Amino acid sequence: MREIDRRSRVSRRSFLHASATVLPAAAAAATGLGISAEAAWAQEAKTLKPATMATLVLMARDIFPHDHIGDVFYIKAVMPYDAKAGSDPASRALIEEGVARLDADAMDRHQVAYLAVPWEQQRVEILRGVELTPFFRKIRGDLVVSLYNQKDLWAKFGYEGSSADKGGYIHRGFDDINWLPQS
Amino acid sequence: MANFDQNDDSVVVIVGSGAGGGTLGNELAQKGIKVVILEAGARVENQDFINDEWASFVQLAWKDTRTTSGTWRVHQDFPNLPAWIVKAVGGSTVHWAGASLRFQEHEFKTRTTYGALPGANLLDWPITLAELEPYYTKAEDKMGVTRTNNIPGLPGNNNFKVLEAGAKKIGYKEVHTGRMAINSEPRDGRGSCQQIGFCFQGCKSGAKWSTLYTEIPKGEATGKLEVRPNAMAVKIEHDASGKVTGVVYMDGSGALQRQKARVVAVAGNSLESPRLLLNSASAMFPDGLANSSGQVGRNYMRHMTGSVYGVFERPVHMYRGTTMAGIVRDEAKMDPSRGFVGGYELETLSLGLPFMAAFLDPGAWGRSFTSALDDYANMAGMWIVGEDMARETNRVTLDPVVKDKNGMPVASVHFDDHPNDVAMRQHAYQQGAAIYDAVGAVRTFPTPPYPSTHNLGTNRMSEKPRDGVLNKYGQTHDVKNLFVSDGSQFTSGAACNPTLTIVSLAIRQADTISGMMSRGEI
Ligand SMILES: Cc1cc2nc3c(=O)[nH]c(=O)nc-3n(C[C@H](O)[C@H](O)[C@H](O)COP(=O)(O)OP(=O)(O)OC[C@H]3O[C@@H](n4cnc5c(N)ncnc54)[C@H](O)[C@@H]3O)c2cc1C
Ligand code: SF4
């Protein structure tokens with residue numbers, strides 16, 4: 001059967017090109033770097049604190065962890081919050097206060113900020129503690145679209161996206177399954 | 001294309017251009033009757049449909065606010081989106097998947113067959129299968145339903161092959177690629193299915209029947225049908241004798257207009273139709289138009305639904321090809337030994353990755369959720385369509401607070417599952433999982449009902465005026481020149497998708513209306 005190549009189709013170059021309108025150029029340079037407030041993309045935030053940006057990215061990964069997906073997709077998903085916070089003081093407050101709460105909980109439990117809590121499981125416990133807050137619900141709810149609706153990411157899940165422009169699947173494997181047990 | 005004067009009071013005004021309204025409009029136009037269809041949404045043609053779930057949703061879906069209450073999970077997950085239906089010319093036949101099944105005989109007689117179920121408000125239809133059969137035949141021909149009229153079935157896609165293999169392994173017999181209003185070969189000026197797989201986003205090839213590019217242009221070609229897009233009906237007016245006289249609507253520029261009418265037929269789908277009747281209350285009809293029974297908005301049904309997905313070791317690519325061409329019908333029978341009355345069908349279903357993420361388990365997060373999505377390519381999926389039980393308290397009312405931009409109260413939808421629905425869903429989840437387990441699923445999971453795609457019953461037919469809103473022709477018991485022509489007519493929902501029945505009723509209603517008009521009765 002025709003399978004999908006799940007390796008990234010986004011080379012560094014095409015990523016830089018395709019996302020120029022979405023991301024500050026420095027953000028693209030994040031590919032492969034860790035999630036930190038010092039990263040160029042976090043430093044470029046205009047309204048939210050760099051540490052807040054980095055925390056949001058890590059939080060996004062902890063909410064919807066996919067080990068075959070690079071940080072850049074999570075960065076792309078949360079980047080729009082900076083502009084939103086710039087034009088809407090209420091969202092800015094929701095986010096900064098939400099992140100401050102995460103950090104406070106992390107301090108209580110592990111004596112470090114959320115970003116520095118070493119294990120995913122420990123961070124998930126912190127998130128469980130806030131999952132009913134408007135902050136968490138907003139971030140989780142937005143991510144369902146801002147993360148999974150990135151076309152660059154679909155092939156990594158084996159989803160091929162738009163099909164009419166390619167003549168549908170009538171000659172592209174709509175019935176090519178070949179491993180079912182013969183009855 | 002016709003263009004009628006707003007003061008022309010000889011026209012039939014139909015509200016809504018979907019399965020019911022679009023079909024009725026064409027049928028009347030073919031008989032030489034002048035028709036104006038008011039459609040709240042825009043006219044979006046095939047070539048403009050988008051193979052992208054969210055972008056298509058934004059393009060076609062009904063997004064105007066509605067509110068919800070009740071214990072159904074949709075209230076919690078999607079409080080302002082009780083239904084996933086269309087606001088565009090063609091109505092939900094733009095989104096629909098094409099599954100076209102007839103009711104079984106006993107499903108017209110639920111009160112007689114199922115008895116007086118506590119907590120339910122069951123009622124027999126005032127019509128029988130025998131009365132509707134000739135119209136089912138006409139509808140199947142009109143829509144080009146596969147496995148009828150010598151039209152071959154569609155070829156099975158990967159998702160179907162998994163369902164078929166599993167279902168046969170556990171002993172199911174009636175398993176095939178469905179009765180689908182999708183061309184398996186060119187017919188009626190439309191080509192055959194290209195297995196595009198975006199049936200829910202509007203069929204770009206036109207292989208799938210939709211009133212948008214079948215009934216409506218055919219009606220327009222007669223010169224008797226005018227479709228006015230971006231025309232949202234806000235109130236139906238009547239005279240001192242209690243006859244309706246016209247419809248007030250908001251046009252695309254936001255201005256209120258009035259179209260006079262000899263007859264009005266409401267076909268806005270089961271949430272908007274009762275809303276329009278309730279919003280048309282007057283001194284003469286204080287509880288809403290045609291509501292002397294108090295049943296307008298009540299008995300809302302949405303089918304007992306849910307989905308089951310199975311994950312396999314190897315790829316399935318369920319999204320390739322026709323979304324819903326696959327069915328298991330063995331559980332549709334009436335067999336109370338299963339612990340519930342009524343039955344259900346299992347039909348293939350696939351969602352693209354974006355909708356899968358949104359609907360798999362709304363509100364969920366963490367690795368249990370993401371590991372399921374990681375195996376998206378290896379997933380097969382099915383949808384459950386079972387008969388749910390009409391309840392008086394499941395209803396559409398006018399929201400006491402929230403209003404639309406015309407200042408009209410929005411529809412508020414209350415729903416609680418009946419214990420019979422819960423028992424049936426449990427059974428279906430188990431059988432669905434067993435099907436996938438039989439062919440080697442490594443993981444199966446039930447997913448909760450999505451916002452309702454099937455919306456039924458809120459202006460039901462009844463023999464006696466006190467039990468419902470409409471007589472057996474969809475004519476309101478209270479107002480003789482006012483009809484309802486959509487799925488809200490349903491007295492019961494049956495274990496099958498509703499549209500073939502909506503279309504059959506519309507064809508029949510056109511005969512009724514033209515007969516009554518020529519006899520001067522309306
Ligand atoms: C994703 C999806 C898949 C489906 N698959 C199937 C399937 O396989 N088989 C099946 O049988 N059914 C299926 N259905 C259901 C089917 O689409 C509906 O049952 C059917 O279209 C309902 O017909 P209707 O006439 O009641 O309403 P609709 O077809 O929804 O038409 C109502 C129209 O009225 C308009 N309207 C509403 N209020 C007003 C107003 N006040 N003024 C003017 N216009 C108004 C709306 O904009 C809409 O265009 C599916 C539905 C969806 C959403
Ligand atoms: S799969 Fe067939 S019916 Fe569905 S959208 Fe494609 S061509 Fe149309």
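The model is predicted, so local features need pLDDT of at least 70 and side-chain atom pairs count only at pLDDT 80 or more, while totals for chains, interfaces and linings use all residues. Residues are numbered from 1 along each chain as its sequence is written, chains are lettered from A and ligands numbered from 1 in the order in which they are written, and side-chain values use heavy atoms, without hydrogens and water.

**The interface**

Select chain B and chain A together. Contact (heavy atoms within 4.5 Å) joins 44 residues of chain B to 48 residues of chain A. The buried area, the accessible area (1.4 Å probe) lost on putting the two parts together and summed over both, is about 3900 Å², and carbon and sulfur atoms give 61% of that.

The side of chain B that touches chain A comprises 22 nonpolar, 13 polar and nine charged residues; here Ala, Val, Leu, Ile, Met, Phe, Trp, Tyr, Cys and Pro count as nonpolar, Asp, Glu, Lys and Arg as charged, and the others, Gly among them, as polar.

**Ligand 2**

Finally, select ligand 2 and the residues around it (a heavy atom within 4 Å), including C193(B), C199(B), C203(B), K208(B) and T322(B). By class, this shell holds six nonpolar, five polar and one charged residue.
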